[in-house]
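Welcome, and please have a look at the model below.

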Amino acid sequence: MSELISEIVQGERYEYYPLSVHVVRAAGVCGGRPTFKYTRIEVAGALDRLAAGESFDEVLAGYRGRVTREALMEAQKRRV
């Protein structure tokens, strides 16, 4: 696993292990399952939506700007 990163985000400490540029494992967030950085959105859920036939645009619209196209593409490509 990567080195633990600690940042202050909106005045709060945010600690995570980077899995890629946009995907992290953060202690205490979603049971440690991979999420998109700075969110509580699980990568597996986004990938499940794509696998079920939703388009990239539909998935992104559902997350209302909290997940970028680049992050979703990275997660799909790397299957993190």
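This is a predicted model: local features need pLDDT of at least 70, side-chain atom pairs count only at pLDDT 80 or more; totals for chains, interfaces and linings use all residues.

Tyr38 is partly exposed, with a relative accessible area of 44%.

**Aromatic rings**

- A search of the whole structure turns up two aromatic pairs.
- One of them joins Tyr14 and Tyr16, whose ring centres are 5.2 Å apart with 40° between the planes, a tilted arrangement.
- The other joins Tyr14 and Tyr38: the centres lie 5.4 Å apart and the planes meet at 40°, so this pair is tilted.
- Which parts of the chain does the pair of Tyr14 and Tyr38 tie together? Tyr14 sits in strand S2 (residues 12-18), while Tyr38 belongs to the loop between strand S4 (35-36) and helix H1 (43-51), so the pair links parts that are 24 residues apart in sequence.
- Is Tyr14 buried or exposed? Its relative accessibility is 13%, and the cut-off for buried is under 20%, so Tyr14 counts as buried.
- Tyr16 is buried as well.
- Elsewhere, Arg49 lies over the face of Tyr63, 4.9 Å from the ring centre.

**Nonpolar cores**

- In soluble globular proteins, nonpolar side chains tend to be buried together.
- Here, the largest nonpolar core has 15 residues, and Phe36, Val67 and Leu72 are the ones that touch the most other members.
- The elements giving two or more residues to this core are H1, helix H2 (56-62) and helix H3 (69-78).
- H1 gives the most, with four residues.
- If neighbours within four places in sequence are set aside, Val67 is in contact with Phe36, Ile41, Leu60 and Leu72.
- There is also a second, separate core of six residues, and Tyr14, Val24, Val29 and Cys30 are among them.

**Overall fold**

- The protein has three helices and four strands, and from the N terminus on its elements run β-β-β-β-α-α-α.
- A compact globule of 80 residues would have a radius of gyration near 12 Å, and the 13 Å of this protein agrees with that.
- Along the principal axes, the C-alpha trace spans about 35 × 25 × 20 Å.
- Among contacts with a separation of 6 or more, 27% are between residues 24 or more positions apart.

**Surface**

- Of the 80 residues, 32% count as buried.
- The protein exposes about 5100 Å², and carbon and sulfur atoms supply 49% of that area.

Definitions and conventions
Residues are numbered from 1 along each chain as its sequence is written. Side-chain values use heavy atoms; hydrogens and water are left out. Rings of Phe, Tyr and Trp (its six-membered ring) pair if their centres lie within 6.5 Å; planes under 30 degrees apart count as stacked, over 60 as edge-to-face and the rest as tilted. Buried means under 20% relative accessible area, exposed over 50%, partly exposed in between (1.4 Å probe, protein chains only). A charge sits over a ring if NZ of Lys or CZ of Arg is within 6 Å of the ring centre and within 35 degrees of the ring normal. A nonpolar core is a set of buried Ala, Val, Leu, Ile, Met, Phe, Trp, Tyr and Cys residues joined through side-chain atoms within 4.5 Å. Contact means heavy atoms within 4.5 Å. The radius of gyration is taken over C-alpha atoms; the globule rule is 2.2 Å times the number of residues to the power 0.38. Accessible areas come from the Shrake-Rupley method with a 1.4 Å probe; for residues, only the protein chains shown count as cover.
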